[in-house]
Amino acid sequence: MKKFLVSFLTVMLLLTSLCSTIVSVGAFDDEWVMGERGKYITHGDQVYYPLESCPEYIYSYTDDVQEYERLEFEDDETEDRYDGSGVYFYEDGNNPAIEVEVFVNFSFSRTVIYIEESYLEKYKELANGEAEQYLTNSYYDYEQNFEFDGEEIESWRESSTTTNEEVIIADCDVYYLYVKDPLGVYNFECGTILRDLYTDDLYLIWYDDYDISYFYSESEFDLSTEKEVTLYKLEDEALYNSVIEYYDTMPEDELEWLVTDEVNTTFATVFCTIVFGIVPFGLLVFSTVMLIISKDKKYNRAFIIMIIGSVVVMTACIGLFTVLL
């Protein structure tokens with residue numbers, strides 16, 4: 001009996017250990033794990049590598065919401081150095097690229113884009129400004145983009161050029177050009193579009209023309225640089241007109257029906273009549289009556305102030321309506 005009991009407990013212990021191992025392996029497959037000194041990140045059987053010399057980027061405009069999760073670590077040395085780092089990803093599993101907030105010695109250091117290895121070459125091309133589609137945003141509407149195809153940008157870059165000695169960058173409106181990510185994760189900033197405030201001409205600064213000395217440490221192009229910068233002038237008249245129209249068009253207000261002249265005038269008239277006419281008149285009558293019938297003279301000063309205030313407000317209201325009408 002004792003031998004049977006020992007054998008039974010041994011089998012149960014082995015089964016428990018096996019189940020724990022299976023659970024832990026399953027959980028590990030679900031985790032985002034940073035490899036040795038941040039050289040790669042694994043998620044299940046997927047491996048991600050950092051995109052070196054990553055330019056400025058923006059999120060693609062999508063309704064999908066990114067999730068955030070703290071990173072696990074492959075070894076103690078990496079954990080000691082990068083503990084606190086986390087990753088932004090899409091829950092549906094479509095993550096050719098992920099954004100990693102890197103902490104070094106418990107302090108935020110930088111943000112790095114990691115690319116799944118099968119997409120790495122494609123994203124290197126995007127980061128270098130090579131794409132089939134490009135886009136820009138206006139000051140008025142960041143959700144509706146203006147898109148260029150690759151041939152239009154190539155033609156723009158083959159147009160006549162000038163420099164920042166001839167065109168003063170400080171006298172220009174500044175817009176940005178992005179390569180459009182066909183996978184819908186990140187759009188990388190690849191150039192600056194300048195609009196001369198005096199001539200309305202459009203010029204393009206193409207980032208790939210310059211070495212790292214023209215950029216800040218965050219990979220942002222230094223528009224204040226005293227170095228010579230080449231500006232490509234947009235000479236395609238049809239494209240020029242389309243871009244200018246896009247930059248100058250304000251988005252339609254979804255509540256435009258609420259702000260017509262008729263509704264505004266009616267609402268303002270009713271509101272002002274009630275607040276600055278009927279209410280002060282009622283307060284004037286009340287204060288006058290109370291001033292006459294009140295036997296406690298200590299309240300007289302308050303009633304007098306209310307009467308004067310009501311008369312002033314009503315006079316101002318009548319004056320305003322006289323001017324407007």
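Look for K227 in this predicted model: its charged end sits over the ring of Y214, 4.8 Å from the ring's centre. Y214 also has an aromatic partner, Y210. The two ring centres lie 4.8 Å apart with their planes at 45 degrees; that angle falls between the 30 and 60 degree cut-offs, so the pair is called tilted. Both Y210 and Y214 are buried.

You'll find D208 in the loop that runs between β15 (202-206) and β16 (230-233). Is D208 buried or exposed? D208 has a relative accessibility of 52%, so it counts as exposed, because the cut-off for that word is over 50%. Check out A127 too: it is 81 residues from D208 in sequence, but their C-alpha atoms are 9.7 Å apart in space.

Back to the rings. The structure holds 18 aromatic pairs. One of them is W32 with F89, a tilted pair with 5.1 Å from centre to centre and 40 degrees between the planes. This pair ties together distant parts of the chain, since W32 belongs to strand β1 (residues 32-34) and F89 to strand β7 (residues 86-90), 57 residues apart. How accessible are these two? W32 has a relative accessible area of 1%, so it is buried. F89 comes in at 10%, so it counts as buried as well.

Follow the ring pairs and you'll see Y139, F146, F148, W156, Y175, Y246 and Y247 linked into a cluster.

Note on methods. Residues numbered from 1 in each chain as written. Predicted model: local features only at pLDDT ≥ 70, side-chain atom pairs only at ≥ 80, totals over all residues. Heavy atoms only, no water. Helix = DSSP H or I, 4+ residues; strand = E, 2+ residues; numbered from the N terminus. Buried < 20%, exposed > 50% of the residue type's maximum accessible area, 1.4 Å probe, protein only. Phe/Tyr/Trp six-rings, centres within 6.5 Å; stacked < 30°, edge-to-face > 60°. Lys NZ or Arg CZ within 6 Å of the ring centre and 35° of its normal.
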